[in-house]
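Subject: Structure handover

Hello,

Here is the structure I promised to pass on. Please open it alongside this message, and my notes follow below.

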Amino acid sequence: MKKILSIAIFTTLLGMAGCKKDSEFLDIPPIQVLPNDVAFSDPALVLSILGDLYNRQLDFSSLDNGWRSFADFSESFASENGSYFLVQRTGWGYGEWGVDWVQSYTYVRELNLFLERINTSTALTDAEKSRFTAEGKFLRANFYFEMVKRMGGVPLITSSMQYDPAKGDLASLQVARSKESEVYDFVISEAEAIKNQLPADVNQKSRASKAAALAMEVRAALYAASIAKYGVNTPQVSLPGGEVGIPVSMAAGYYTKALTAAREIISGGAGAYQLYNVLPDKADNFAAIFLDKGSVNQESILIEDFRAAGGRVHNFTVNNQPYSISDEGGDAGRLNPSLNFVQSFEKLDNTFAPLATRDAAGNPIFYNDQVDIFAGRDARLAGTVLTPNSLFKGKRVDIWAGYQLADGTVVTSDEAAQLKALPGSNTVVQVVGKDGPVNIEFRSQSGFYIRKWLDPTIGSGRRGRGSDVAFIRYRYAEVLLNAAEAAFELGQAAVAAGYMNQVRARAGLTIPLTPAQITFDRIVHERRVELAFEGHDLFDKKRWRIAHIVWDGVPTSLADLTSNIGRATKRNTQPWALWPYKYHNPGNPNHGKWLFREVRPAVVTGSNRFQLGNYYSEINNNVRAANPKIVRQPNQ
Amino acid sequence: MKIRTLYIITLIVCGIAVSCKKDNYEEPTSKLSGRIVYKGEPIGVEHNQVPYELYQYGFGKVGPLGSSFAQDGSFSAVLFDGEYKLIIPNGQGPFRWRYLAGGAPDSVSISLRGSQTLDLEVTPYYMIRTPQFTASGGRVTVAFKAEKIITDANARNIETVSLYLNKTQFVSGSSDQNIATVNMAGSAITNPDNISLTVTSPTITPSQNYVFARVGIKIAGVEDRLFSPVQKIQL
């Protein structure tokens, strides 16, 4: 009886438990995924979603893209065995610099969904909604800008799309490419629409601010304007539907927009931005722009931030620190600025000259110190590049290629820091620098190391710690140069000179340029030295339509290298090196002094050839097969 | 033991018998080959720079098969029998292709049944006529005529003419395909019927007593150069 009772109770209990409705039984709220209404109910949760969207922005050169995204284009030499292809290839594939179409439009879709969900959220205040919406729109506009720079006009999708299997209607989801000008117009109009919803706060650097929106607008309008103006030089690089190419008649309008938006930042309408001018030494000051994340840095407008011991660091310093000063034995020295780049820094009297290695008679010039050959130049040289015998982390960079004897022969080694006996002596001495230049990876092979972005913090060169130097996406000096270019193109040379002289004065070039001295070559040069290794080089050359002239595939000879410095269309197809030698001739007054030679590194066998088909990256066959409305790029 | 050997042999035989089943398509055998020609004369182009594309419809996703023309303007592809369409993409080649009203390249329909030779008739901007190469004392000289073929609204001027030398038979302006180059600007040409260029051959390591040479014409506003046939020259 007892048994029956317990069975009965058990069965009843089981029945009660099992009698749950089927639909309820299966409908369990997920514990790993937040449903939309929960995720958009709290500003902190929304911010974490937005953080992910920020992280997925696209940069050309970027600290978390790896050091190689800064290399190439003959502005530097890549001292790594796996990267010699950069100087051994004879051109770029048409797909180079393109974006992953599926990944990109997944991102665009998620941005669109974000904006729609913010809009329908009931839990957020209007102020929160307004700012989040503006940030989402900023990210979307900035991403379209990155796409249009690479591919020309792309399909502009500004709301989420849904496939309905019942209708099976694919054609409505296949969107044709917009005109190139329409994408730029979109970026400009979005920036105008959101700028007042964003904080006008100079300390707001890692999230979008009013100045970031305006800086994006300036750059986009300037790109569109120069494509319109200089596109006439390459009429083949255009499509009849306008997906690539902008009519020349639109140039002035875009330049005006760029100048107006730039003036809004310059006048302080978006916060008190100014050039970084903190340290007394101009070169140290220039290097510090890229290291200083504090509130004293009122130059950086939008940054991609990192934090050491916070799980978000990058290896730029690990990969590029000088070999002999490396925190991580054997991991160093990949990015070596080329002589082509180094010699383009002008002298303090605003003139251009190659580095003086020989006098008029062809005899070598001797220097007491290695740094003397670089003396009297634009301070940005020493701020961007570690030259031989310059300081990093309080130590000297040891770059020299060997001893040159009286008869011109050289005592050197193919191994860094190797010891050998000099003629007439039995004691062995070091015959080549610890940092090169020798043809070994991680040693400087061009005679230079990079300084920009290189973190002097202790431990930043260790793989385990990494560096948390931030990548600057927009900064005030670029806004000034953009304004100068726009003003110059609009015929306002005096205005252009005014903006440009501010940037130059900060760099230690105290003799101002007169309005008559502002030329296209000057504009190009100023951007090259100020904005080097910040991801501008390729896109600047593309929008001015001079890429196929600068990178014409013909090897760069020594005569090419040392002539026409400062000219925008100067050939730049192979990186050159400058190797210092110590003169060994006891009794001679020049004994122990330094002389220099221009060298083409031995592994440089290819030369850059930019074809017309490279102006706009290929949209691959899979994409075009899936959406036949997408027209192919010109010249491919 | 004997029995086990028998089993193994039986297994192997069975295995071979089963795997001998036909499991694949036969490889394509029809060869489509030809040249780009102007009135029957082939047109020289740069190696691997001027592409053509073959399309075959009816299999769902559409994408091009294709490759590029050889230096002498020839091409070949081994294909399955079927209906194909061939185009040369816009902006490729030192010649004009046939275009549709909208400016898109017109296609050539090919009905492939067995091997077929197909010469593609195009209109080049210029033709290099009678190139004569001579060598003496390590110097290579060429004399040739540049005949202007397109003289209507689409006519274009010569930007430069170049003489290229290389160690191997691949000769062009690409930096790895020449060891010596001499250029003459189009504006410096006084008589297009008699253009002469001379270049000194550099020392070749390992030494060889011949070089390959050809002439290229860069036409203003056209990326691909027009080339003469490659000529082997004893130094």
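In chain A, 70% of the contacts with a separation of 6 or more join residues 24 or more positions apart. Keep in mind that this is a predicted model. Its scores are ipTM 0.82 and pTM 0.90.

Chain A first. This chain has 636 residues, and 46% of them count as buried. Its secondary structure comes to 21 helices and 14 strands. Along the principal axes, the C-alpha atoms of chain A fill a box of roughly 120 × 75 × 50 Å.

Start with helix α11, residues 282-289 of chain A. Six of its eight residues are buried, so the helix is largely enclosed by the rest of the structure. The buried ones are K282(A), A283(A), N285(A), F286(A), A287(A) and I289(A). What do they pack against? The buried residues of α11(A) pack against α14 (379-384) of chain A.

Next is strand β12 of chain A, residues 471-475.

Now chain B. Its average pLDDT is 87, and 97% of the residues score at least 70. Look for an open sheet of three strands in chain B, in the order β12-β13-β16. The pairing is antiparallel. Which strands stand at the edges? They are β12 (126-136) and β16 (195-200) of chain B. Each has a single partner strand, so one side of each is left without a neighbour in the sheet. Neighbouring strands of this sheet are turned by 20 degrees against each other on average, direction ignored.

β12(B) pairs with β13 (residues 139-148) of chain B over nine bridges, in the antiparallel sense. Y126(B) faces K148(B) in β13(B) across this pair.

Last, the two chains together. How many residues of chain B are in contact with chain A? There are 15, and they meet 16 residues of chain A. On the chain B side, three of the touching residues are nonpolar, nine are polar and three are charged.

Best wishes

Note on methods. Residues numbered from 1 in each chain as written. Chains lettered and ligands numbered in written order. Predicted model: local features only at pLDDT ≥ 70, side-chain atom pairs only at ≥ 80, totals over all residues. Pairing = 2+ DSSP bridges. Helix = DSSP H or I, 4+ residues; strand = E, 2+ residues; numbered from the N terminus. Axes fitted to C-alpha atoms, helices over the stretch in contact; angles between N-to-C directions. pLDDT = per-residue confidence, 0-100. Buried ≥ 20, exposed ≤ 12 C-beta atoms within 10 Å, placed from the backbone. Contact = placed C-beta atoms within 7 Å. Nonpolar A, V, L, I, M, F, W, Y, C, P; charged D, E, K, R; others polar.
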